[in-house]
Amino acid sequence: MKFFFIFVGIALLPRAVLAQTTGTITVTGTMPTAVSVTNASDAALSTTVARGRLTPATGGGLITGTVQARLRSNKAYTLSAQAAALNISNPAAADGGSSITLSDIGFGITAVDATGANVATGHTDTVVSLFNYGSGFPAVSNGLTPFVAGTNATLNDVTANTQILSGSRISAKGNISTNNNFILLTLGIATLPQYFTPNTAFSTTVTLTIAAP
């Protein structure tokens, strides 16, 4: 009888350990104070409010126009306005009469809409009372300019850079392409046609400045 011995060798190997190391990536940046004023299409605000031929009439009503602007900010803001001196082209002789002035052109805020879904929670706006035309421009009673100095704002009240509006943070997030993170501001301009000294044209430029103090 033959015996066969079978030897089974079992090699005990240490469990493999995966070598590893770590690294880090640091992301940095600065979030600056940001404010903007654009037109209703989110482009640069640059528009003309044409008054046309201001021919006096019986009774007569104010010739009005509006400009809309979108305001955005990530901090509390102020909005100011400044009108350049009135430029009158080819004025006729005064002959004892009066020429149109900045005091004859009403100017102020007729509406503020802050209902966008991405307007910051708790947002508030305050219109400087002199420039608040939310209830409309004054009625014409005697064919003369109806704006009373100190009561009804005109462009003469913004010959220097003058605050007309302020408020808390406007935009919760988003950028200038976001369609619901702004307040929509409506500015009104009004003039009463009168027997002012004739001219071929008159003009002024109003500059709006939004800032975060």
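A residue is called buried when its relative accessible area is under 20%, exposed when that area is over 50%, and partly exposed in between (1.4 Å probe, protein chains only). By this criterion Asp-104, at 11% relative accessibility, counts as buried. The model described here is predicted, so that local features need a pLDDT of at least 70 and side-chain atom pairs count only at pLDDT 80 or more, whereas totals for chains, interfaces and linings use all residues. Residues are numbered from 1 along each chain as its sequence is written, and side-chain values use heavy atoms, with hydrogens and water left out.

The protein chain contains ten strands and zero helices, where helices (H or I, at least four residues) and strands (E, at least two) are DSSP runs numbered from the N terminus. Read from the N terminus on, the order of elements is β-β-β-β-β-β-β-β-β-β. The radius of gyration of the protein chain is 33 Å, well over the 17 Å that the globule rule gives for 213 residues, so the chain is more spread out than a compact globule. Here the radius is taken over C-alpha atoms, and the globule rule is 2.2 Å times the number of residues to the power 0.38. Along its principal axes, the C-alpha trace spans about 150 × 35 × 30 Å.

Of the 213 residues in the protein chain, 31% are buried. The chain exposes about 13600 Å², of which carbon and sulfur atoms supply 55%; accessible areas come from the Shrake-Rupley method with a 1.4 Å probe, and for residues only the protein chains shown count as cover. Among contacts (heavy atoms within 4.5 Å) with a separation of 6 or more, 85% join residues 24 or more positions apart. The chain carries 9 positive and 6 negative side chains, and the centres of the two sets lie 33 Å apart. In this count Lys and Arg are positive and Asp and Glu negative, while His and the chain ends are not counted. The place of each charge is taken as NZ of Lys, CZ of Arg, CG of Asp or CD of Glu.

The largest nonpolar core has 30 residues, of which Leu-71, Tyr-77, Leu-79, Phe-107, Val-158, Ile-164 and Leu-165 touch the most other members. Two or more residues of this core come from each of β3 (77-83), β5 (105-113), β7 (162-167), β8 (183-191) and β10 (206-211). The most is given by β8, with five residues. Such a core is a set of buried Ala, Val, Leu, Ile, Met, Phe, Trp, Tyr and Cys residues joined through side-chain atoms within 4.5 Å. When residues up to four places away in sequence are not counted, Leu-79 touches Leu-71, Thr-162, Gln-163, Ile-164, Leu-165, Leu-185, Leu-208, Thr-209 and Ile-210.

Gln-163, one of the residues that Leu-79 touches, is placed in strand β7. With a relative accessibility of 37%, Gln-163 counts as partly exposed. Apart from neighbours within four places in sequence, Gln-163 is in contact with Thr-78, Leu-79, Ser-80, Val-128 and Phe-131. Its C-alpha atom is separated by 12 Å from that of Ile-109, 54 residues apart along the chain.

Ala-111, in strand β5, is likewise partly exposed, at 35% relative accessibility. Beyond residues up to four places away in sequence, Ala-111 touches Leu-184, Leu-185 and Thr-186. The C-alpha atoms of Ala-111 and Gly-134 are separated by 5.7 Å, although the two residues are 23 residues apart along the chain. Ser-36 belongs to strand β1 (residues 35-38) and is buried, with a relative accessible area of 11%. Neighbours within four places aside, the contacts of Ser-36 are Arg-70, Leu-71, Arg-72, Ile-176 and Ile-210.

The loop between β4 (87-89) and β5 holds Asp-104. Leaving out residues up to four places away in sequence, Asp-104 touches Ser-99, Thr-145, Phe-147, Ala-190, Thr-191, Leu-192 and Phe-196. Asp-104 and Phe-137 are 33 residues apart in sequence and 13 Å apart in space, C-alpha to C-alpha. Asn-90 also lies in the loop between β4 and β5, where Asn-90 is exposed, with a relative accessible area of 58%. Its phi is positive, about 50 degrees, although Asn-90 is not a glycine. Asp-95 is placed in the loop between β4 and β5 as well and counts as exposed at 74% relative accessibility. Phi of Asp-95, a residue other than glycine, has a positive value near 50 degrees.
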